[in-house]
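Here is a short briefing on one protein chain. Please have the sequence and the model open as you read.

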Amino acid sequence: MSSGYVRRFLDDELSDALRVHPAVLVVGPRASGKTTTARRYAATVVRLDRPAEAAAFIADADAALATLEEPVLLDEWQTVPGLLGAVKRAVDDDSRPGRFILTGSVRADLEGETWPGTGRLVRLDMWGLAEREIAGSTEVSSPLSVVAEHGAAALSAPPSPPDLPGYIELALRGGFPDAALRLEDAGREQWLASYLDQVLTRDAIDISRRDPALLTGYFEVLALNSAGIVADNTLFGAVAIDRRTAAAYERLLSNLFVLDVVPAWSTNRLSRLVKTPKRYITDASLVAAALRMDTRGVLRDGDILGRVLDTFVASQLRPELNVSGLRPRLFHLREKNGRHEIDLLAELSGDRVIAFEVKASAAPNRSDAAHLEWLRDRLGERFVAGVVLHTGPSVFVLSDRIAAAPVASLWTPPR
């Protein structure tokens, strides 16, 4: 292992996949560490976002591939339109495992009707650094697995958990490795502002003919409403665009991995549930960058404070979906009358669920678990556990199958 490398969840996934499959596709936000991790498994690295390296593949991708020592890392593959077809043909001719790793920061081509990777490429998602990765705890059980097997009270509190300002500082530090690990304060803020500007102008324009000013304005509206359930017309009305344009913007931002649209959960045991999705900016640091806010500014605004903390929690749970062994899916839940709402809900096999509430409180009580108790009583045995994630220091039981746990329990090794 190279000096200073932070082990990622992807390491085990990628290593296992390369032992079985001829080609693996790694997708995720720009600057999330895909290339740094993938190159550790490659004999040859080709940076296709560099014109000099891309030239041979633009001229004859099949011939260029044939000259390279394998495994070959093809970084930013989407910049050379004919490359994927060449990989397909190479894999069709020789399906030995571990031949190609492709990395990219755009999801758009994966949705095309002519996508040639089906049955030939295994896709792995990589997000920004999670706190569990930074803490060096990737080899211990996922918190989702711990809760599923032993209950919410089995989560562990760290010896010295952050307080509320500390959590906001972690959230605004974000998960982009360069910014989170190398920079501080003003330098990090400058990096994040530049990152967001590049994604919303250069990257967005590269894959879609969209007005960068309007797209930037719409992203700011999404940032103001991150982790919220907001009517569509409220969002697009705020920047004077129509419904079709707003839908196109959201597809684009999702394809660039800066927006995650979490669907509403449904079940035949509950009626009158809203179907509106919950929109999350994928990294809370981008919320602050879009709104030009620092930790003190977030702490002074109660609405933004709650959204940033919820967004931060979602960014910790999102990468756990692939590594817990349970392969859960993430949802939210809300009744149409607004009487009951669950911030995040992980659906396991057999329609079983783990439900999460996020509270910017250091001392939650049973009333903070009221919505979780309501869901437990209606789902019965399908309700595995409920967790009230808070900013205090301790794990404690609130009710049957429901416990309060610090947000930091999501990255603290289990006892």
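In this predicted model, T37 touches Y5, R8, L10, D11 and M126, leaving aside residues up to four places away in sequence. T37 sits in helix 2, which spans residues 34-38. Its relative accessibility is 0%, so T37 counts as buried.

- T245 belongs to helix 12, residues 243-255.
- T245 is partly exposed, because its relative accessible area is 21% and the buried class ends under 20%.
- L215 lies 30 residues from T245 along the chain, and their C-alpha atoms are separated by 9.6 Å.
- G392 is found in a loop, between strand 11 (383-390) and strand 12 (396-399).
- Despite its loop position, G392 counts as buried, at 3% relative accessibility.
- Beyond residues up to four places away in sequence, G392 touches P161, S361, A362 and P406.
- One of these contacts, S361, is 31 residues from G392 in sequence. The C-alpha to C-alpha separation of G392 and S361 is 6.8 Å.

- In which order do the five strands of the open sheet lie? The order is 2-3-4-1-5, and the pairing is parallel.
- Strand 2 (44-47) and strand 5 (122-125) are the edge strands. Each of them pairs on one side only.
- From one strand to the next, the twist averages 20 degrees.
- Helix 3, residues 51-66, packs on this sheet. Helix 3 touches strand 2, strand 3 and strand 4.
- The direction of helix 3 makes about 130 degrees with that of strand 2.
- Strand 3 (residues 72-75) and strand 4 (residues 100-104) run parallel and are joined by four bridges.
- Within this pair, L74 stands opposite L102 of strand 4.
- As background, strands of a sheet pair through backbone hydrogen bonds, in either a parallel or an antiparallel way.

**The largest cavity**

- How many cavities of 30 Å³ or more does a search of the whole structure find? The search finds five.
- The largest cavity has a volume of about 150 Å³.
- The lining of the largest cavity holds 17 residues. G128, G175, T282, D283 and S315 are the closest to its centre.
- Helix 7 (164-173) and helix 15 (302-317) each supply at least two residues of this lining.
- Helix 15 gives the largest share, with three residues.
- Sorted by class, the lining of the largest cavity has eight nonpolar, six polar and three charged residues.

**The second largest cavity**

- The second largest cavity holds about 90 Å³ of space.
- Its lining includes R8, F9, L10 and E13. D125, M126, W127, G128 and E133 are also among the lining residues. P319, N322 and V323 line this cavity too.
- Helix 1 (residues 9-18) gives the most to this lining, with three residues.
- By class, the lining of the second largest cavity divides into six nonpolar, two polar and four charged residues.

**Links between the topics**

- R8, L10 and M126 are among the residues that T37 touches, and R8, L10 and M126 also line the second largest cavity.
- G128 is one of the residues closest to the centre of the largest cavity, and G128 also lines the second largest cavity.
- D125 lines the second largest cavity, and residues 122-125 make up edge strand 5 of the sheet.

Methods: Residues are numbered from 1 along each chain as its sequence is written. This is a predicted model: local features need pLDDT of at least 70, side-chain atom pairs count only at pLDDT 80 or more; totals for chains, interfaces and linings use all residues. Side-chain values use heavy atoms; hydrogens and water are left out. Two strands pair if DSSP finds at least two bridges between them. Axes are lines fitted to C-alpha atoms, for helices over the stretch in contact, and angles run from 0 to 180 degrees between N-to-C directions. Contact means heavy atoms within 4.5 Å. Buried means under 20% relative accessible area, exposed over 50%, partly exposed in between (1.4 Å probe, protein chains only). On a 1 Å grid over the protein atoms alone, a cavity is a set of points where a 1.4 Å probe fits but cannot get out, and a pocket is an open set with protein on both sides within 12 Å along at least five of seven lines; lining residues have an atom within 4 Å of a point. Grid points are joined across faces, edges and corners, and a volume is the space filled by probe spheres set on the points. Ala, Val, Leu, Ile, Met, Phe, Trp, Tyr, Cys and Pro count as nonpolar, Asp, Glu, Lys and Arg as charged, and the others, Gly among them, as polar.
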